[in-house]
Amino acid sequence: MAEGTQPLPTPVASGSPAAAASPATAAIRVRDFNLWYGDFQALFNVGIDVTQGKVTSLIGPSGCGKSTLLRSINRINERLGYVRTTGNIELLGQNILAPGVELTPLRRAVGMVFQRPNPLPLSIRDNVLFAYRLSKGGKTDRAEEEQVIQQALEEVLLWDQVKDRLKSSATALSLEEQQKLCIARLLPIKPSVLLMDEPCSALDPKATRAVEELIWKLRGDYSILIVTHNMAQARRASDECIFMLMGEVVEHNATGEMFVTPKHQKTADYIEGRFG
Amino acid sequence: MKNQTVDPRRAAAAPRSGGEGAAAGASSNEAARFTATSLDQRNARTERGFHTLFLAMSIVLILPVLAILSLLITKGAPAFSWEFFTEPPRAQFTEGGIFPALVGTLWLVIVALLASVPLGVAAAIYLSEYAKDNALTRLINLAIINLAGVPSIVHALFGLGAFVLFFDFGTSILAASLTLAIMTLPVVIVSTRETLQAVPQSFRMACWSLGATRWQTIRKVVLPNSISGILTGVILEVSRTVGETAPVMFTGAVLFTPFLPQGVLDETMAMSLHLYMIATVIPDVPPEVPYGVALSLILMVLILNSASIGFRVYLRGKKKW
């Protein structure tokens, strides 16, 4: 299984033409991907590349399939039972839709952050260690755990606030802290990709800012795909931007370019707020 | 009182709701905007009416409980004595106590719980966490609903045929308890399933997305957060099991045995059957004795329940969302 990705050199500043990623640097490659919920087709021939070590944002109006696409990448959609797909999704060169792909290691490699912070109803400590302990089959020693906790919480800039109350309940934290904790609990199992489904939409502007800064800090070590409704957020906190409409990818470009000179009329209309 | 705080908002909302309110809102000037219109007054009257109705119904609900308790206490308490709880019946049930029945009912309840709780909880976990919505699941649900609707005397006959005769347990605690277990299984399954489904889906999503299997999710997150609800189902089951007469009458309970049960294959006395017999069949029983037995039956339910209620309160204190 892929251990964490190599940190890339300092990512190129947004605005550079990095849209068409070469296969070597694509963390996620989606090709000809169609998805049906029962009889309803939600995604049409989707093809995207998510560049390794970059933040890519998925924008588009509600119901355009952004979240569906995101949830296909860790295959959490499948629990619904009536979902059908065709096409390919490659994660670090491996097709995750191939038969024989085990979901547990896949989900360890693909961390997911949800719209509403959802720390488990356990202590802060147990939250951070949850996935780590599962990945070790429950055999972890105390010293190792302490180190893992500190490292993960430091990485999400939460260590100083919570180091004295690791045993208190995670659900008592503020929403901002909860969301950071939800990111922190992914890190000990060294995912290569982080999927974020509107990670800031339940947060106030200050907390949004803080989480965005955190996302920006994590880029490089992780390839990050964010679904967002917030144009300003897509603009300031992503390297590349993908615009989707009615289940199709309309445009994929470097964020700077997309917001300044969108290639498609529909993209222009959307980012200027004329619909959606 | 309440109306004063609600009315202004209503009045302000009235113009948007159309009809009479809209006309009134449009014609009134700025100052009169937050006063009650005739529509508001009518709404307020209806509101008060329903409030009173529902309150009255709730009070009516507790009256029978109070009546039963006070009747049992006034008539039954004189029968209570140390001997009443520690002695077997003597002299054709006119003297002595209810000790063997008390012990027998405890046996029945505990063995029934041991059989039905693991089975019911496991079934509920399957239905809530694993089952897809397919023909099999629908069939199971149908079976549960029907099982809950079967009259207890039918369960009794089934228990007689299946456990006493076919499996050859004889009239025994085992046969009676299994009959009770089957009878109360739907209660455990339904209440457990509802509790499990009350655990927020976001917890499961979080667990799955962290690479936990379904069982790990259930074990670490779902069950710890639903244990108090599961206990509620168990409490309901205990109450029902203690009081049932018909299922034990044919399968394991006897009118009188001087011996305490030594194992699950012994037959036993039971409180419910004892009460039924001394109240209707046995002549010359002092009048306070049946009430005393009934009161002890209720006290027994209360004691068994309060143990699990206490445990539940303790667990709820640890609930973390």
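This is a short tour of a predicted two-chain model, stop by stop.

Before you click: residues count from 1 along each chain as its sequence is written, while chains are lettered from A and ligands numbered from 1 in the order written. Local features need pLDDT of at least 70, side-chain atom pairs count only at pLDDT 80 or more, totals for chains, interfaces and linings use all residues, and side-chain values use heavy atoms, with hydrogens and water left out.

**Stop 1: the sheet in chain A**

Strands (E, at least two residues) and helices (H or I, at least four) are DSSP runs, numbered from the N terminus. Two strands pair if DSSP finds at least two bridges between them.

Zoom in on strand 5 of chain A. Two bridges join it to strand 4 (residues 83-91) of chain A, in the antiparallel sense. Here A:Asn95 is the bridge partner of A:Glu90.

Contact means heavy atoms within 4.5 Å.

**Stop 2: salt bridges**

The rule takes a side-chain nitrogen of Lys or Arg within 4 Å of a carboxyl oxygen of Asp or Glu. It gives 16 salt bridges over all chains.

Pick A:Asp49 and A:Arg31. Their side chains meet at 3.1 Å, N to O. The pair links strand 2 and strand 1 of chain A, 18 residues apart. A:Asp49 is buried at 11% relative accessibility, whereas A:Arg31 is partly exposed at 29%. Buried means under 20% relative accessible area, exposed over 50%, partly exposed in between (1.4 Å probe, protein chains only).

Next, A:Arg125 and A:Glu146. This salt bridge is 2.7 Å, N to O. A:Arg125 sits in helix 3 (residues 124-135) of chain A and A:Glu146 in helix 4 (residues 142-155) of chain A, 21 residues apart. A:Arg125 is buried at 6%; A:Glu146 is partly exposed at 30%.

**Stop 3: helix 6 of chain A**

Show A:Lys180 and A:Glu176. Their closest N and O atoms are 3.3 Å apart in a salt bridge. Being four residues apart in helix 6, they are separated by about one helical turn. A:Lys180 is buried at 5%, and A:Glu176 is buried at 17%.

In helix 6 (residues 175-184), also select A:Gln178. A:Gln178 is buried at 8%. Beyond its neighbours within four places in sequence, its contacts are A:Pro117, A:Pro119, A:Ala170, A:Thr171 and A:Leu173.

**Stop 4: the interface**

Show both chains. 23 residues of chain A are in contact with 18 residues of chain B. A:Arg79, A:Pro121 and A:Leu134 supply 31% of the area that chain A buries against chain B, more than any other three residues. Buried area is the accessible area (1.4 Å probe) that two parts lose on being put together, summed over both. The total is about 1,800 Å², with 73% from carbon and sulfur atoms. How many salt bridges cross this interface? The rule finds zero.

**Stop 5: chain B**

Finish on chain B. It has 14 helices and two strands. Of its 321 residues, 40% count as buried.
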